[in-house]
Amino acid sequence: MFQKVSEFLKKEVQEEHIPGVVIGVTTAETTIYQQAFGYAHYSKKIPMTKETVFDLASLTKVIATLPSILQLLDKGELDLDDSFAYYFPQFEKYHGELTIKHLLTHTSGFQPEIKFYQKDISKNKTVSFISKVKDKKKTGKQVIYSDLNFMLLGSLVEKVTGMSLAEYTTKFIYEPLGMKKTYFNPPKDELNHIAATEFIESLNDFQWGKVHDENAHYFGGISGHAGLFSNLEDLSLFARMILNDGVHKESRILSSQSIALSSESFTKNLNLNRGLGWQLYDTPSFSGQFLQNSFGHTGFTGTSIWFSKERHYAVILLTNRVHFGRKTDISRLRRIVHNLIALETT
């Protein structure tokens, strides 16, 4: 089973489209397919294994920040229609209409990014800086995928809980799920088990064991939009919790209502179809032509997780594609892999 998937990924590695890849398909009960090909660090010839830890990039948004917000919703500590200014009053002047839901659905109107690392603006000053941004699109009128939204949501989690995002997610999500290799700022002794990312000229070396995203790196490795590291086994545990309507073994991590709500469309009449945090199937840009009625998310480094509602499984695709630079068409690879898996499971 999944032989065509394996053959395709082997070919992608052989043709040096990607240095390496780890692939897994999990149901609510178990992993039904997992393989590793290629190299975690190409020049050092460190092989990719099923245990390799990856810089998840923007998967941080849905593996860390989103479940934290949903837990706080379940606990009654916030409401999605709360004004963001309720928690951060400095937003009232220019962005009083902005809600938590707008941030989760990328309908805030904020630009895709601000290069804080170039402006010498520290993490604890980003909320105030964003609150003064005036030149933005009208809130709620279009989807603009923006890291700023999840930077703000990460700060919200920290404001409401009194804990850092890393502390909160570890205590209330990863430890209860048994996720032992999921963390911000990986331990140094894990280096040889981590996939290297991009060559950095200022380092004259590859970024390895530290977050690739420049803003997250500047913020000390912890942010609501990027910074999380994990591996296939841990992400499979997270995926099974989602597939089991928020339950892991006998522990409830999220309510079934929150799970269902997060993958509903909130922007179907706008330019892109999004749920709460999740991207929903509306075009085959990532999901492929055959994996319809699905939702998921991608990460710039070459990672993705995709859930099929019809087939009740998740596809976890982890590559370090930026190790070879930023030109690899990772979207094509994702589409073909998702198509092949959908055909195998029809």
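1. The largest cavity has a volume of about 70 Å³, and this value, like the others in this note, comes from a predicted model. A cavity here is a set of points, on a 1 Å grid over the protein atoms alone, where a 1.4 Å probe fits but cannot get out; grid points are joined across faces, edges and corners, and a volume is the space filled by probe spheres set on the points. The lining, that is, the residues with an atom within 4 Å of a point, consists of K123, T126, M151, G154, S155, E158, L165, F219, S223 and G224. Helix 7, residues 147-161, gives the most to this lining, with four residues. (Helices, H or I and at least four residues, and strands, E and at least two, are DSSP runs numbered from the N terminus.)

2. On the basis of the model, local features need pLDDT of at least 70 and side-chain atom pairs count only at pLDDT 80 or more, whereas totals for chains, interfaces and linings use all residues. Residues are numbered from 1 along each chain as its sequence is written, and side-chain values use heavy atoms, with hydrogens and water left out.

3. The lining of the largest cavity has three nonpolar, five polar and two charged residues, while that of the second largest cavity has nine nonpolar, one polar and no charged.

4. The largest pocket has a volume of about 730 Å³, a pocket being an open set of points with protein on both sides within 12 Å along at least five of seven lines. Its lining is made of 37 residues, and those closest to the centre are S58, K61, Y145, D147 and F300. Among the elements that give two or more residues to this lining are helix 9 (214-218) and helix 13 (330-344), but the largest share, three residues, comes from strand 12. By class, 11 of the lining residues are nonpolar, 14 polar and 12 charged.

5. The second largest pocket contains about 240 Å³ of space. It is lined by 14 residues, and N185, P186, W208, G209 and K210 lie nearest its centre; the lining divides into six nonpolar, six polar and two charged residues.

6. The largest nonpolar core has 80 residues, and I69, F91, I100, L104 and L156 have the most contacts inside it. Such a core is a set of buried Ala, Val, Leu, Ile, Met, Phe, Trp, Tyr and Cys residues joined through side-chain atoms within 4.5 Å, where buried means under 20% relative accessible area, exposed over 50% and partly exposed in between, with a 1.4 Å probe and protein chains only. If neighbours within four places in sequence are left aside, L156 is in contact (heavy atoms within 4.5 Å) with I69, L78, F84, Y87, F88 and I100.

7. L280 lies in strand 11 and is buried, with a relative accessible area of 5%; its C-alpha atom is separated by 7.8 Å from that of N293, 13 residues apart along the chain. A57, in the loop between strand 4 (53-55) and helix 2, has a phi near 55°, a positive value in a residue other than glycine, and counts as buried at 8% relative accessibility. H106, in the loop between helix 4 (100-104) and helix 5 (116-119), has a phi near 60°, which is again positive in a residue other than glycine, and is buried with a relative accessible area of 0%.

8. Finally, the protein as a whole has 13 helices and 14 strands, and 57% of its 346 residues count as buried.

Definitions and conventions:
Nonpolar A, V, L, I, M, F, W, Y, C, P; charged D, E, K, R; others polar.
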